[in-house]
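Biologist: Before we talk about this structure, I would like to know what stands behind each word we use for it.

Modeller: Then ask me about the words one at a time, and I will set each one against its definition.

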Amino acid sequence: MNLLRLPPTCRPPSHRRARRALVVSGVCLLWGLAGLTLAPSAASQGAAGYQVIVNTKNSHGDARRELLADIFLKRATRWDSSERAMPVDLRLDSPARKAFSQGVLGRSVAAVRRYWTQRIFSGRDVPPPQLPSDEAVGKFVATHPGAVGYIGPGPVPTGTKRLEVR
Amino acid sequence: MGANLDVLQGDCCRRTRGVLTSLLLALGTLAPAVARAEEPALDPTDVKIHAFVSQGFIKTTANEYLTRSKRGSFEFSEVGINFTTNLSKDLRVGMQLFAHDLGPIGNYAPSFDWYYLDYRVRDWLGLRAGRIKIPFGLYNDSADIDAARVPILLPQSVYPIDHRDYLLAQTGGEIYGNKRVDPLGEIEYRAYGGTLDLATPVGPTPGISVSDVQVPYVYGGRLLWLTPLEGLTAAASYQALRFDWNYHFIPELIQPFQMLNLVPAGFTGTLPVQFRVKLWVASLEYQVGELSVAAEYSRWVGKFNTQAPNLLPPHTVNERYYAMASYHVTPWFTPGAYYSVYYPNTDRRHGRENRQRDLAVTFRFDVNSYWLLKLEGHWMNGTAALDKALNHGTELDALDKNWAAFLVKTTAYF
């Protein structure tokens, strides 16, 4: 979504109809908020401090951001191809995790942690396993065909490939 | 109706406090698992262990609230430990042991908070069987979990902590799933049916006892819409259940009650009661950046079916709503506030005993990833949420109208 593009109704308010202007302003505000909070740019993935990796046997070269978010929040358990997805996280204090949380999950690491705390203790599910380093993530993804992880900027580990986020 | 539900509130069977000590010792034994939680757990058949321990303190300026709070009370403890594992790639089992104490309820009696078999056929279809947390509103299924929220007490109009035995979990089955419906966002549904397991409560007044408490059914569901506006969630929940029980009057009470026309002529001392309850709540939550806001509106409709309509009103509707906000200022500091309103009977809104307004402010401090501390103040108007029995039998209209409650709570969890 283009952040700068506003709907045609979002024109400067008329002095004659203050109420209408208020409604239009509300619509503009919501539109702007939607633009600000909807999908981050996929092209910014590398520069944003993370890159998503999957096993080289994974048939996907790219994936929708929403699908990735659902996989990491365990709302989705499979890839579009029906292969079982195995997400793996980095440590809470990892810069790549912070960037990934904001860029793909659309929320802070703390908010994601609160999400999992709710689900763990209400018996819904448990979070993906956490690994201590990019190397550990690379090794895990390289040895599990359905696995998906993220690492910081740099070369992609052997046996994995970068997944573009749409 | 909330007050009517209190009729079922009673002392759970008292168990030794050593049970809590045992659980705490178990947690101590499991301390290495705290570290393990940060380490790789890559075998999907691993047993995942999580636990929490909370201790709170309540002090009120007037009126006894939840516990003997006027003098200050530490009877506000929770402990839980859960185990989850995958038996196959689609089949998961889990259970949580829980014990708590809050004034007259809980008394550290350990129980299964939840246990289940969960078979996820597809993302849009999963099946659970066992004792399952009830999805009602945004937070009911996590109402026990201090670490999952900012306030110590969730808005008590919609999530009354002293009603947890009726509202938190049901024993039966559930179907659930989620489906993305681009470009409209995502829909998550849960539908359940089963029963509740209740301990026999004490009678509402001396001379009247209760027996044969049963819940023939409880069913309901929640539809949750994750809108295309990132962070904006809307939900609607519904629940219906029926309580059956018998009141037994001592012979000395029968004639006075008949003279007051509260029980029918020919009353022999046993009064069968059916109490049907229907609850619904509409919910809205918006999380943007570090700001989180939520609002919910709920009505609970209760219908008594008895031979004594003058004693138990045939139809009661109560109203409950709140608005809440919190802001994650730093990784270790989150302030929050809410305003919550409860009317036990929508036909009678005047008088302190017929309303409860609650303005609450909370400061949450996350000392580290496993330990938090909260401070909370409540400025109350009304007495409808108070328990007459806990206030030495004083009628609600005779209790202090304006009062405050201050709470401190600390929780460790992993």
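Modeller: Please keep in mind that this is a predicted model. In chain B, the secondary structure comes to five helices and 16 strands.

Biologist: What makes a residue of chain B count as buried, and what share of the 414 residues is buried?

Modeller: A residue is called buried if 20 or more other C-beta atoms lie within 10 Å of its own, and in chain B buried residues make up 41% of the 414 residues.

Biologist: Why is a set of residues called a nonpolar core, and which residues have the most contacts inside the largest one?

Modeller: The members must be buried residues of the listed kinds, Ile and Val among them, joined through C-beta atoms within 7 Å. The largest such core has 57 residues, and B:Ile58, B:Ile134 and B:Val273 have the most contacts inside it. Strand 9 of chain B, residues 232-249, gives this core its largest share, which is six residues. A second core of 34 residues is separate, and A:Ala63, A:Ala69, A:Ile71 and A:Phe100 are included in it.

Biologist: How many residues does each chain bring to the contact between chain A and chain B?

Modeller: Chain A brings 30 residues and chain B brings 37 residues. On the side of chain A that touches chain B, helix 4 gives the most, with seven residues.

Terms used
Residues numbered from 1 in each chain as written. Chains lettered and ligands numbered in written order. Predicted model: local features only at pLDDT ≥ 70, side-chain atom pairs only at ≥ 80, totals over all residues. Helix = DSSP H or I, 4+ residues; strand = E, 2+ residues; numbered from the N terminus. Buried ≥ 20, exposed ≤ 12 C-beta atoms within 10 Å, placed from the backbone. Contact = placed C-beta atoms within 7 Å.
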